[in-house]
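Reader: I've got the model open and I'd like to learn how to read it feature by feature. Where shall we start?

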Amino acid sequence: MKKLPVGIQSFSNLREEGYLYVDKTADIHRIITDGRIYFLSRPRRFGKSLLISTMAELFRGNKKLFEGLYIYDKWDWTQSYPVIRIDWTNVRHSSKEEMERSMSFYLKLQAENYGVQLFSEYADECFRELIIKLNQTTGQKVAVLIDEYDVPILDAIGKPEMTGIREFLQVFYRLLKASDDYLKFIFLTGISKFSKVSIFSALNSMDDITMNKKYASLCGYTQQELEYYFAEYLDDTARENGMTVEAVLDGIRRWYDGYSWDGKTFVYNPFSTLLFFENKEFSNYWFATGTPTFLIELFKKRNDLSVLLQPVHTGSRAFDSWDPDLITEIPLLFQTGYLTVKERKTVDMEPEYTLEMPNREVALSMQEHLLFAYASYPLESASRLRRTVQQQILLNDAKGVEKSLRQMLARVPYQIDGKTEAYYHSIFLIWMSMLGFDIQGEISTNYGRIDAVWEQAGTVVVAELKYGAGKQAETLLNEAITQIHDRKYYERYLDREVKLLGIAFNGEEAACRIDIIARD
């Protein structure tokens, strides 16, 4: 079997050292021949850097690396072009001044590779000088490939350095338009498409292919690619775990598939898929990519988790460029990979998208990070807690659930702001989602609104939460269970076993009660 390219972002290393490569050069060929200036947004760890590296080697004319791939006999290998490749994760960017120094040094190193010397002091001037001199010395126009263009902005959100960093980027990217006569191709990747950064206004002919159905599988693995390129690994994993290949495929699909940008073509997260085959076990690998701090703080501030618990319907404007000073959770969740397109349809001649979490791995990652943010519960203990409480509810162990609740809430800092019913309701929904149930919050009925409903193994749990600072927990529990009975929240689920779960918080302790309604 070919080696798995875990963590390999260099196309030359991947090909020269015999790693497995899922051939994406048909898409790359189409991109380069169809246009000139592109932007692509994808979440982190989705293969953007490898894509940029592949393009760089193609423009440099390294024919041997592409032997056996789609593009091999379709590219003019008699031509090669100078390449400027900028990876913002390799440039220091904690302040405007640091960016000036670091980017100038970064560009001068690239100039040395072509035997060119730069004399400018400022980064933007170095950029333009490098473009012009590469064109003059090689006689060919320059390909500019920029990876993770938005990293400096994402890292500065909510910080005083944002203004200076934005000013730097506006000046720096403006040079691309001024240098158009010297450029052959421009390709940028990132997570977010920000307004108020001049690259999108300066390059007004840029083609944003993020939602373009032609490139829906450009990053990530399709089902067909997974089964073809990883056939030996599927057999090996099934054999080692005593499973059938079909069972392994079903598990991989539930854990790592489900990402889409057109609602029709769905792909696997390549990073998590590779780690699965490397370790041969289902696990949450996504959390290691890091969840943006400002995203978690946004949820804590608004105390609204509905976008994580039920489908979101939105128009195409949610995917347009947005101002980092006016963050909204839907585009942010979509761009960071926590929501994806499950369906696209046309309503009144305009596209409408249905967004949901792509898979189990992403849902667990978000829930664990939120649980830590809301209740300071350690991530390494979350999986154990999930398994424990799941069994407690299924076995009707109300005292056990109560003990687990108290164990979690004991970690909530005493001085925390926002200790209201909305705050505890958020903790409750996060916690219940982590149990692996398909939870829905705020379900409307003819008689009122149910706090939460979820189902597992044919059992429906109807839950009501009550909060009252200083009130007796037993009183709150009686109110919760009585409300479920009086308003008949369980009626629509009587074809299955129904458990009524009352949860009470009084600011000092948590209590729980479970009632059972037998199926008809």
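Author: Let's start at a helix end. Where H12 begins, a side-chain oxygen of Asn 269 comes to within 2.9 Å of the backbone nitrogen of Phe 271. A polar contact here is a pair of N or O atoms within 3.5 Å; within protein, one must be able to donate a hydrogen and the other to accept it, and residues adjacent in sequence count only if both atoms are side-chain atoms. Helices (H or I, at least four residues) and strands (E, at least two) are DSSP runs, numbered from the N terminus.

Reader: Before going on, what sort of model is this, and how are residues numbered?

Author: It's a predicted model: local features need pLDDT of at least 70, side-chain atom pairs count only at pLDDT 80 or more, and totals for chains, interfaces and linings use all residues. Residues are numbered from 1 along each chain as its sequence is written, and side-chain values use heavy atoms, with hydrogens and water left out.

Reader: Back to H12: how many of its residues are buried?

Author: Buried means under 20% relative accessible area, exposed over 50%, and partly exposed in between (1.4 Å probe, protein chains only). H12 spans residues 270–279, and eight of its ten residues are buried. Among them are Pro 270, Phe 271, Leu 274 and Phe 277.

Reader: Which other residues have a positive phi without being glycine?

Author: Glu 148 is one, with phi near 55°, and Met 349 is another, at about 65°. Glu 148 sits in the loop between E3 and helix H6 (151–156), while Met 349 sits in the loop between strand E7 (340–347) and strand E8 (350–356). Glu 148 counts as buried because its relative accessibility is 8%. Met 349 has a relative accessible area of 80%, so it is exposed.

Reader: What about E1: is it covered or open on its faces?

Author: Both faces are covered: Ile 37, Phe 39 and Ser 41 are buried on one side, and Tyr 38 and Leu 40 on the other. Strand E1 (residues 37–41) pairs with strand E4 (residues 183–190) over five bridges, in the parallel sense, and Ile 37 has Ile 186 as its bridge partner in E4. E1 also runs parallel to E5, joined by two bridges; there, Tyr 38 stands opposite Asp 207.

Reader: And a helix pair: at what angle do H4 and H7 pack?

Author: Two packed helices are described by the angle between their axes and the distance between the axes. For helix H4 (residues 96–113) and helix H7 (residues 162–178), the angle is about 35° and the axes are 8 Å apart. Contact means heavy atoms within 4.5 Å. Residues meeting across this pair include Met 103 and Leu 107 in H4, and Phe 168 and Phe 172 in H7.

Reader: Which residues does His 29 contact, beyond its neighbours within four places in sequence?

Author: They are Tyr 70, Ile 71 and Lys 74. His 29 belongs to helix H2 (residues 25–34), and its side chain reaches the backbone oxygen of Lys 74 at 3.5 Å. With a relative accessible area of 17%, His 29 is buried.

Reader: Last one: where is the pLDDT below 50?

Author: pLDDT is the predictor's confidence in each residue, from 0 to 100. The protein chain averages 85, and 82% of the residues score at least 70. The pLDDT is below 50 over residues 413–418, a stretch with seven contacts in the model beyond near neighbours in sequence. Where pLDDT is low, the predicted coordinates should not be read in detail.

Definitions and conventions:
Two strands pair if DSSP finds at least two bridges between them. Axes are lines fitted to C-alpha atoms, for helices over the stretch in contact, and angles run from 0 to 180 degrees between N-to-C directions.
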